[in-house]
Amino acid sequence: MKLEMATFNVNNVRFGERTRYQGGALEVNKDELIQLVLEDKRILSAAVEIVYPGEKTRVVKVRDAVEPRVKVSGPGCVFPGILGPVETVGEGKTHRLSGVTVMLSAEYEPTVLSGTGAQSSGIVDMWGPAAQLIPFSSTTNIVLMIELAGGLSEMEAHTAMQLAEFKVGRRLAEATVSQVPDELENFEIFTADPALPRVVYIAAASLTWHNPHSGVAYYGLPIRESLPTFIHPNEFLDGAITKDMRIGNGSRPTTWSWMSSAVVVELLRQHGKTLNFLGVILQRTRFETEFGKEVTAACASQMARLLGADGVISTRISTSGNNFMDMMFTVQACERKGVKTVFVTPEWGGKYGDEMPLVYYVPEATAMISTGSFERDVLMPRPDRVVGVGDCESVQLYAGDKFYAPAGEFTLPASFCLLDGVDCLGGMNLTCEQY
């Protein structure tokens, strides 16, 4: 499977009379995008705004963000199973708009009012302390704001929000179809030098079987009672992995993060040079019994061994201690089978970084990379502008949380209140120094 990724760099985004891309400038027809979204009768109203890096703007009630992409050749479509039929993707040619996102701010009437299955939303600051903790302060974000009709189930609300965001993303990327890209990069797992170390990536998707959406979906199908699944890394780049749109805080990666997974992209780039990339094991975690954790760890590690892996890089996708245990079991199982493992994870550590960073530990976990703590307070200074759907005078980020006044200054209790405020997939460059 060979995928050509054509990159079109965006350095200027503005509203105009038609949607088009030319010479790094993206012109957006606001009315066209609104009409596209309102084709879905589950959506009562829609609006579009643009926010830019460095401006003192705060975006609230955020559910997700996505990079505009469109498949121009090859089987399937971007976001298969959602924007088109279920057809294996990851080959052909895909166009992407780099430096810009479609960011969704949405409201609906929830039917689940408490617990881990309740809706949540995130915040994005384009400047200030919070901007350093998220990737979206450095991108120009086209904010799609929608209000959903009443009487929808949780999954109907999820589907309506997802379709709106993905359709807008695809429409923007379509503006590049007849254009010459700034960059063209090939992603392919070809036959490599057998002397190179053989590496597999384990992406641990933290799931919950009892919630309306399990948290992560493969080709649009929420993964529930699943054992590890072996997939081609190019499938990530074409949007085969998506998220629960009802959960907008940083405890789960955005669609943008899944389709731009830093570890997947770098392993593909290093294939045939410094290593032999075998592929990705998508591992369902957060089993609620120790027995379930042992089974998924045994299965993932055995899959890695059968693939002939010399080494594993693993990441965990959640702020859950339950999920953390699953991955420690997996590290242990891989090491005991002779497969060297590096574990990439966010940590706890408390408000001041002086508490235990790990909630569980196995002696085989000797190579770990921290992507930063998510328990620190985050200062949110007063913005000049607040962007978001509906009444933004007061917002609640998740069930049971207090209300915040976005137009003022306040402090968030943790970075997981920010959209992608937890670096689950290793895409940020947070560091610390000891004095």
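## Stop 1

The largest cavity holds about 30 Å³ of space. What you have loaded is a predicted model, where local features need pLDDT of at least 70, side-chain atom pairs count only at pLDDT 80 or more, and totals for chains, interfaces and linings use all residues. Residues are numbered from 1 along each chain as its sequence is written, and side-chain values use heavy atoms, with hydrogens and water left out.

A cavity here is a set of points, on a 1 Å grid over the protein atoms alone, where a 1.4 Å probe fits but cannot get out; lining residues have an atom within 4 Å of a point. Grid points are joined across faces, edges and corners, and a volume is the space filled by probe spheres set on the points. By this rule there is one cavity of 30 Å³ or more.

Select A205, L207, I223, S226, L227, T229, L282, Q283 and R284 to see the lining of the largest cavity. Which strand gives the most to that lining? Strand 18 (residues 276-285) does, with three residues. (Strands are DSSP runs of E, at least two residues; helices are runs of H or I, at least four; both are numbered from the N terminus.)

Stay on R284 for a moment: R284 lies over the face of F287, 4.1 Å from the ring centre. The rule is NZ of Lys or CZ of Arg within 6 Å of the ring centre and within 35 degrees of the ring normal. For another such case, jump to K30, whose charged end sits over the ring of F15 at 4.4 Å from its centre.

## Stop 2: the largest pocket

Now pick R96, W256, S260, S261 and A262, which lie nearest the centre of the largest pocket among its 35 lining residues. A pocket is an open set of points with protein on both sides within 12 Å along at least five of seven lines. The volume of the largest pocket comes to about 740 Å³. Colour strand 1 (2-9), strand 8 (92-98), strand 12 (183-188), helix 4 (255-259) and helix 5 (262-270): each supplies at least two residues of the lining.

## Stop 3: rings

The whole structure has eleven aromatic pairs. Rings of Phe, Tyr and Trp (its six-membered ring) pair if their centres lie within 6.5 Å; planes under 30 degrees apart are stacked, over 60 edge-to-face, and the rest tilted. F329 and Y360 form a tilted pair, 5.7 Å centre to centre with 45° between the planes. F329 lies in helix 7 (residues 321-336) and Y360 in the loop between strand 20 (340-347) and strand 21 (368-373), so the pair ties together parts 31 residues apart in sequence. Is F329 buried or exposed? F329 counts as buried at 9% relative accessibility, while Y360 is partly exposed at 28%. (Buried is under 20%, exposed over 50%, partly exposed in between, with a 1.4 Å probe and protein chains only.)

Then select F324, F343, W348 and F374, a cluster linked by ring pairs.

## Stop 4: E107

Finish in strand 9 (residues 100-107), where E107 is found. E107 is partly exposed, with a relative accessible area of 27%. Its side chain makes a polar contact with the side chain of K61 at 2.5 Å. Such a contact is a pair of N or O atoms within 3.5 Å; within protein, one must be able to donate a hydrogen and the other to accept it, and residues adjacent in sequence count only if both atoms are side-chain atoms.
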